[in-house]
Number of protein chains: 2
Amino acid sequence: MSSTETASPQRSPLHDFLAPDSIAIVGASADPTKRGYKAMVGLVKDGYQGTIYPVNPKAKMILGVKAYPSLADLPASPDLALICTPAAMAPALLTECGKKGIKGAIILASGFRETGLEGAKLEQQLLDAARQGGVRVIGPNTSGMFNLHKKLNLLDLANVKAGDIGFISQSGNMLLSLVLEAEHNGHVGFSTYVGPGNQTDIGFNDYLRYLSEDPNTRVATFYVEGFRDGRRFLNVAREVTATKPVVVYKSGSTEQGRKAASSHTGALAGSYAMTVDVLRQVGVSVVQHSDEILPVAEGLGLLQQARGKRVAVISDGGGQATIASDRLTEAGLELSVLSDATRHRLGEILLPQASLVNPVDVAGSTDVRPSLLAECMEILNEDDNVDSIFLVGMFGGYHIRFAEHLLGDEMRGAESMIELAHKTDKPLVIYSLYAPISPPALRRLHEAGLPVYNSIEHAVRVLAALGERGIYLAASAEHTHLAAVTPDVEVQATFAKALKEGRDLFEYEAKSLLRTHGVAMPAEMVVREADKLTEVAAHFGSQPLVMKVVSKDILHKSDAGGVKLNLRGETALREAYGSIMESCRDYSPDAVIEGMLVTPMARKGTEVIIGVMRDPIFGPVLMFGLGGIFVEILEDVAFRAIPLSRHDACSMVEQIKARKILKGVRGEAAVDKEALVDLLLKISCIVEAYPQLAELDLNPVIAYDDGYAVVDARIIVNRANAS
Amino acid sequence: MSSTETASPQRSPLHDFLAPDSIAIVGASADPTKRGYKAMVGLVKDGYQGTIYPVNPKAKMILGVKAYPSLADLPASPDLALICTPAAMAPALLTECGKKGIKGAIILASGFRETGLEGAKLEQQLLDAARQGGVRVIGPNTSGMFNLHKKLNLLDLANVKAGDIGFISQSGNMLLSLVLEAEHNGHVGFSTYVGPGNQTDIGFNDYLRYLSEDPNTRVATFYVEGFRDGRRFLNVAREVTATKPVVVYKSGSTEQGRKAASSHTGALAGSYAMTVDVLRQVGVSVVQHSDEILPVAEGLGLLQQARGKRVAVISDGGGQATIASDRLTEAGLELSVLSDATRHRLGEILLPQASLVNPVDVAGSTDVRPSLLAECMEILNEDDNVDSIFLVGMFGGYHIRFAEHLLGDEMRGAESMIELAHKTDKPLVIYSLYAPISPPALRRLHEAGLPVYNSIEHAVRVLAALGERGIYLAASAEHTHLAAVTPDVEVQATFAKALKEGRDLFEYEAKSLLRTHGVAMPAEMVVREADKLTEVAAHFGSQPLVMKVVSKDILHKSDAGGVKLNLRGETALREAYGSIMESCRDYSPDAVIEGMLVTPMARKGTEVIIGVMRDPIFGPVLMFGLGGIFVEILEDVAFRAIPLSRHDACSMVEQIKARKILKGVRGEAAVDKEALVDLLLKISCIVEAYPQLAELDLNPVIAYDDGYAVVDARIIVNRANAS
């Protein structure tokens, strides 16, 4: 079962106030209609062991606790202040907090950035006051927080069990929903919850750091509408996921959803596909349906990750075995091919009609002795082709369905499964159709830390998450980054010149940059006067050439008639030169034409695209996909945050749906994947070396079975960094 | 709310025994380890009101009921016999049933077709005995059946509530799973269940007919591993779905799943994608996750179908509004654009911070008066842009979350929603995060027939099913089929000749057939000797031509060098003729070459594929998709059973993911959709007219903004019909 240890050098400052020994409730009230009432009630009812300081200028006692007129009047400095007053009072109160030496404050009120310009100003005042006073701020516009291991429940949620799931959610309703789901299934509990609200000061990355260090949290779980600093979240997550699972549900997966999200929080948001890819890149388990958050978090918290994707299914019903197979395959998992030895051993204990091919269907063998299922699981566990074991069917309910006396055998079966779970390094994932009514054997499994799922679909999501986590951890152990690229003096000069001239790099400059840093590029010549064409023709010989106009004023070269293909010999080159000049002058009379770029036509091959953008949320991100309709219509692309490891680059190529085309279809040879991976890594290094580079677009790159050709290259200059 | 009336001319013979007034239990037993015990216990415990005849040669009384030594000894002829004996005895017992005048028998035993050749023989004997005796057979190899409105529960399932969901399942575990789910959520009940087992006699289509006529069933629900006669199921379903919802979960959606399924039932199975498409074509609601079966069946049974796909979302939390928007969009639904009047009216009753753009977020407006949600729903109901209303959030739990006194207002809100549901023709779909704990307002909604879902994802599946059903019903009201095609005498002769010569149609014959039946075809000439090329060249003039070899012995014309493109003028034609002759003779020295097909080169356009196959399960099926990678790599195709209506043909073109390409990308014109639809309909009619046609393949058809060109046509002759 998974470890919860972490070993981080910098301890999160959030410990000072997220597990407080004393708390001030500013605006505490005995009036149930006030916001300051719920927090007081929650603390008093749940038996918070720390000191409570109600702050209210008009009351002596609130719910039996001595109250103080102001923060200044408190006899000591509390660890945390909960501020329940209206928005306008928040900055002044934070100043008071600072004076009193309070480390952290929660601002519940809304009415800040999310409401417009006036609110944004107030939020800035709030942040200034906090920074000045050395107070860290949760919110504003938050539902609050709880730390159940401290019996600190500022939301006054009833029936919420202390447990090991840490949850940070931009939606209060989502918290409520998970709490009710946990109450209903009876076996999941929470450690700390925080609503980050507007994330004015403390952001998702800070909460992640805290949860990673919190010994009561086994899984850090997030409901995110928008990251404010996604790059920092990635950096922290990369560290944390090495030792603790991190689960993220990101809302706004569709254009409609994004609209709904941004009208709600006002947070900027990178595209959904990009967000998912870069989170997975750093080992985060991304959940795509909201009702899978809790099952996946529970499974990752309790179960060992899997070494790989090969699942052995053991079932007592053919129908559910089929469903399990369908869902496993759809989730990208594989059915293990069982060894002959395994099948032989299963055959020895099961009835002749049992199916010994994965999914194993016991076909009635267990009707009189359900504990046989545990024996089968033990056999499957010893098969090297098996990475995880998935029990599907009616375990726990045999004594209900068949005969009461089977209860004893079911309990024995449960004990054997628990024993197996303790000794194996493979996860045992259990689905039972009796899970909704929690019969004794399933309760026993839960008590021993083996979750039992009531949905095949959810169980498969857990198996997928365990497999992905195992594969990620194995790959990240081998992560190799290319040596950093030293910026080249000439390239620096090229950028400086372009910046000065208020243009982006010319195609030949972009290509030259790539060539400088070891990207294989075809020979090219820039012709600035027609006289030089004799020389050019001689240089390239008989191979067909392409000629393209070079002009900062002509962005769409083809539209301007600025591209001529398949040119052979000097005469053709001269004709093309004249023709391009003429068309471009017609197209844009004032355009300054630098000359013509001449290069050999690329052979036919498979067109791919490599793009780089500096995302406002996640920083530099690389995109890879096949060209044409794959990008434009099917949006079949993969993203990774820069820098890429070799594993990242390989996994991008494997991720796209069109990978089959790269592997060769209709008898064509597979493209040279190593060369593509190498190109992706070089681009990653180049982007790191040049902050001057804002965007890069290699479109198309033609991939061959031996290497590639970069046919067009575009580099946009970063004007923001110009100052 | 939906109607359960049906008006079918032929009454199902299954009524005679699926709602029996008397039943014989052959192999009844008081020994709890015997299969004949469970059925007896189930009948006695549940208080079955009909007559029970235990049949057992060794007992006088079983569980207090008088027993008889054999069927022949019964004092009357029971409606149904349950046969619990081993497989080998089944044929003889069916003969006895026949003699006694028993109309229906259930054979529980396995050991038939599913076990191999010997079993298949026994199954044939069983079927022969049944036919001879006039006995209809459920099974063999079945879990049995129940009819809860008759208190007839042959499975002895505890805690299963009578209700309106009829369920036919090839998996006994799936039944158990749904029963436990229903028990757990407390508000779903079942009418009749049957396990069809091997479907030796009675198949899914028969059960569907029965359920459609059963007044206790509002939704006919199926778990199918494999249809035996899919075409008949389609025919019955087309009739039934007009008045009663039909829900199908088909397992085996992946190759792995299909393998698991066929090792279990031995049933043949059409491809999953085809199965889904043809079921939807006849109005079946296809469910793709097993845990959505019950929510979708419940929703379709209780709620009005929607007129369209436009959903108004009303939410009391931004997070869940976003999730709802994401899932709705992914499911192919749309967010209604609310009218100005609607937004104005909402603005009048909600707080200023509420979001009045769909999804409507009340943003705290309902915290003190939850019944405002019902008022918002009433306003949304009056907007013509709204087809269905989706309430998302914490309704039912306000009195738990905020203040106990809100319970009264919540109950008033529930009453208003019930009133609205009764008067509107738009479905109200409700998700509440408090659904797991069933608070009073939600219980009240359930009692009044308004389901409340505990998962946004499931609620969205229900909305999608209601929208699809509404659109289907509207479209099927306008279904127009083309007039039947009369087979042409010459085409008949062509088929006869090909059949006699043991070959398929030549390309020019296939094209001629299409031309005969009104498909727009380019001019073509078959040249049987080189001398004729002068005439051919003169005929076609200067347009570029293509020449293809005509030979029954050369299937892969390009591989044999049998195709030459872009030929202009007589000289080019002569050269091509000689060259093709030479290559083809090299390729296949014995090939009989009939001549050369000459036709103009088709202009560039968008390549599509039309295919027809006679599926062993579903009969003639038409496939449509874009050519090349779209078919081969992305498997982006649509299927419809022949005959197609105009709506079917239109919906095929709209269904494929690549439809964007047909609509014109990168500034290209959209293809002529009407022409394509017309072509699909003509092909459908042609296939109906010629049973001699086994398969047809138009690959490619080039679609233009004005019409299309059929570039290649292949027709495989049906040798099975030759006799």
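At roughly what angle do the axes of helix α12 (residues 340-349) and helix α13 (residues 372-381) of chain A cross, and within what distance do they come? In this predicted model, the two axes cross at roughly 165° and come within 10 Å. Angles over 145 degrees count as roughly antiparallel, and α12(A) and α13(A) are therefore roughly antiparallel to each other. The crossing of these helices is right-handed. On the side of α12(A), the contact is made by Thr342(A), Arg345(A), Leu346(A) and Ile349(A). The residues contributed by α13(A) are Leu372(A), Glu375(A), Cys376(A), Ile379(A) and Leu380(A). By residue class, the contact of α12(A) with α13(A) divides into 6 nonpolar, 1 polar and 2 charged residues.

The overall organisation of chain A provides the setting for this helix pair. Chain A has 25 helices and 30 strands, and the C-alpha trace spans about 95 × 80 × 40 Å along its principal axes. The chain is divided into four parts: domain 1 covers residues 15-299, domain 2 covers 304-477, domain 3 covers 523-600 and domain 4 covers 606-722. Between the centres of domain 2 and domain 4 of chain A, taken over C-alpha atoms, the separation is 41 Å. Of the 723 residues in chain A, 58% are buried. Among contacts in chain A with a separation of 6 or more, 72% are accounted for by residues 24 or more positions apart.

Two cis peptide bonds were examined, one in chain A and one in chain B. In chain A, a cis peptide bond joins Asn358(A) and Pro359(A), with omega about 0°. Pro359(A) is found in the loop between α12 and β17 (360-361) of chain A. In chain B, the peptide bond from Asn699(B) to Pro700(B) is cis, and its omega is near 0°. Pro700(B) is placed in strand β28 (residues 693-703) of chain B.

Lys151(A) has a phi near 55°, a positive value in a residue other than glycine. This lysine, Lys151(A), lies in the loop between β8 (145-147) and β9 (152-153) of chain A. Its relative accessibility is 44%, so Lys151(A) counts as partly exposed. For Asp156(A), phi is near 50°, again a positive value in a residue other than glycine. Asp156(A) is found in the loop between β9 and β10 (162-169) of chain A. The relative accessible area of Asp156(A) is 13%; because buried means under 20%, Asp156(A) is buried.

Lys557(A) has its place in the loop between β22 (545-550) and β23 (563-567) of chain A. With a relative accessibility of 18%, Lys557(A) counts as buried, the limit for this class being under 20%. When residues up to four places away in sequence are not counted, Lys557(A) touches Glu507(A), Lys548(A), Val549(A), Gly562(A), Val563(A) and Asp712(A).

Terms used
Residues are numbered from 1 along each chain as its sequence is written. Chains are lettered from A and ligands numbered from 1 in the order in which they are written. This is a predicted model: local features need pLDDT of at least 70, side-chain atom pairs count only at pLDDT 80 or more; totals for chains, interfaces and linings use all residues. Side-chain values use heavy atoms; hydrogens and water are left out. Domain bounds come from an automatic or database domain assignment. Helices (H or I, at least four residues) and strands (E, at least two) are DSSP runs, numbered from the N terminus. Buried means under 20% relative accessible area, exposed over 50%, partly exposed in between (1.4 Å probe, protein chains only). Contact means heavy atoms within 4.5 Å. Axes are lines fitted to C-alpha atoms, for helices over the stretch in contact, and angles run from 0 to 180 degrees between N-to-C directions. Angles under 35 degrees count as roughly parallel, over 145 as roughly antiparallel, 65 to 115 as roughly perpendicular and the rest as oblique. A crossing is left-handed if the near helix is turned anticlockwise from the far one by less than a right angle, and right-handed if clockwise. Ala, Val, Leu, Ile, Met, Phe, Trp, Tyr, Cys and Pro count as nonpolar, Asp, Glu, Lys and Arg as charged, and the others, Gly among them, as polar.
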